[in-house]
Amino acid sequence: MDGTLLDSEKLWDMALRELAGQYGRELTDAVRHALIGASGPNAFRILFDGLGIEHTLEAVEEAAEWMEARVTELFQGPVPWRPGARETLDLVRAAGVPMALVTNTKRSLAEYGLDTIGREYFGATVCADEVPHGKPAPDVYLRAAELLGVVPGHAVAIEDSPTGSIAAQAAGCALLVVPCEVPVPDAPGRTFRDSLVGLELTHLEDLVRVHANS
């Protein structure tokens with residue numbers, strides 16, 4: 001969702017920098033980039049370590065409550081789409097190909113993103129707080145494949161972050177990477193595009209075919 005379909009990482013960036021300011025700290029770009037794609041528990045560990053704040057249960061609960069309230073405010077209005085994302089969803093839906101949205105964003109916040117995207121595109125949506133482990137673990141992708149009734153190896157995952165790419169490949173999916181805020185390292189099994197603009201069904205079919213033969 002964030003950074004792949006919606007240009008919403010900037011909203012998270014704003015909230016995270018404001019949260020750092022609450023502690024009298026400044027969020028460095030290195031810490032911010034490490035947070036992209038991270039799940040809630042991992043994200044707060046990375047954040048607190050980067051800010052030099054003691055990682056206690058009470059501190060995490062307080063920060064999580066503040067972040068949810070602030071991000072909810074920021075998500076109230078329409079969130080900009082990533083280039084080509086809406087057209088890609090329309091293309092795949094018109095072809096009758098089942099789609100799932102998987103995200104490390106918790107359900108209560110993901111619903112605001114779905115208000116912009118449209119729930120009708122997806123046969124399933126899976127959030128990190130609905131599986132044992134968020135990305136980079138493969139759980140969200142495995143659960144999505146289960147709900148759609150498809151084999152992960154016959155599916156294409158579209159990701160924008162290193163964390164999400166690891167999760168998709170761990171689940172056994174073919175992977176298309178469209179980086180957003182941070183570079184994603186090249187690695188075997190990863191196909192890259194600058195954007196989703198101009199993506200065709202044949203590109204997705206080729207990804208599955210190559211993946212099946214790899």
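I started with the contacts of Phe 48, taking contact as heavy atoms within 4.5 Å. Leaving aside neighbours within four places in sequence, I found Phe 48 in contact with Tyr 23, Ile 53, Glu 54, His 55, Ala 59, Val 60 and Ala 63. The model is predicted, so I kept its limits in view: local features need pLDDT of at least 70, side-chain atom pairs count only at pLDDT 80 or more, and totals for chains, interfaces and linings use all residues. Residues are numbered from 1 along each chain as its sequence is written, and side-chain values use heavy atoms, with hydrogens and water left out.

**Entry: Phe 48 and its rings**

I placed Phe 48 in helix α3. Helices here are DSSP runs of H or I with at least four residues, strands are runs of E with at least two, and both are numbered from the N terminus. Is Phe 48 buried or exposed? Phe 48 is buried, at a relative accessible area of 0%. Phe 44 is buried too, at 12%. The cut-offs I used: buried is under 20% relative accessible area, exposed over 50%, partly exposed in between, with a 1.4 Å probe and protein chains only.

Next I searched the whole structure for aromatic pairs and got three. In the pair of Phe 44 and Phe 48, the ring centres are 6.3 Å apart and the planes stand at 80 degrees, so I logged it as edge-to-face. Rings of Phe, Tyr and Trp (its six-membered ring) pair if their centres lie within 6.5 Å; planes under 30 degrees apart are stacked, over 60 edge-to-face, the rest tilted. Why are Phe 44 and Phe 48 separated by about one helical turn? They are four residues apart in α3 (residues 40-51). Ring pairs also bring in Tyr 23, linking Tyr 23, Phe 44 and Phe 48 into a cluster.

Phe 48 and Arg 209 are 161 residues apart in sequence and 43 Å apart in space, C-alpha to C-alpha.

**Entry: a charge over a ring**

I looked at Arg 93. Its charged end sits over the ring of Tyr 121, 4.5 Å from the ring centre. The test asks for NZ of Lys or CZ of Arg within 6 Å of the ring centre and within 35 degrees of the ring normal.

**Entry: the sheet**

I traced an open sheet of three strands in the order β3-β4-β5, with parallel pairing. Strands pair if DSSP finds at least two bridges between them. β3 (156-159) and β5 (190-192) stand at the edges with a single partner strand each, so one side of each has no neighbour in the sheet. The twist averages 30 degrees from one strand to the next. Three bridges join β4 (residues 174-177) to β5. Leu 176 stands opposite Thr 191 in β5. Helix α9 (residues 201-212) packs on the sheet and touches β3, β4 and β5; its direction makes about 135 degrees with that of β4. Axes are lines fitted to C-alpha atoms, for helices over the stretch in contact, and angles run from 0 to 180 degrees between N-to-C directions.

**Entry: helix α8**

In α8 (residues 162-171), I listed buried residues, among them Thr 163, Gly 164 and Ser 165. Their cover includes α7 (139-148), β3, β4 and β5.

**Entry: backbone**

The peptide bond from Lys 135 to Pro 136 is cis, with omega near 15 degrees.
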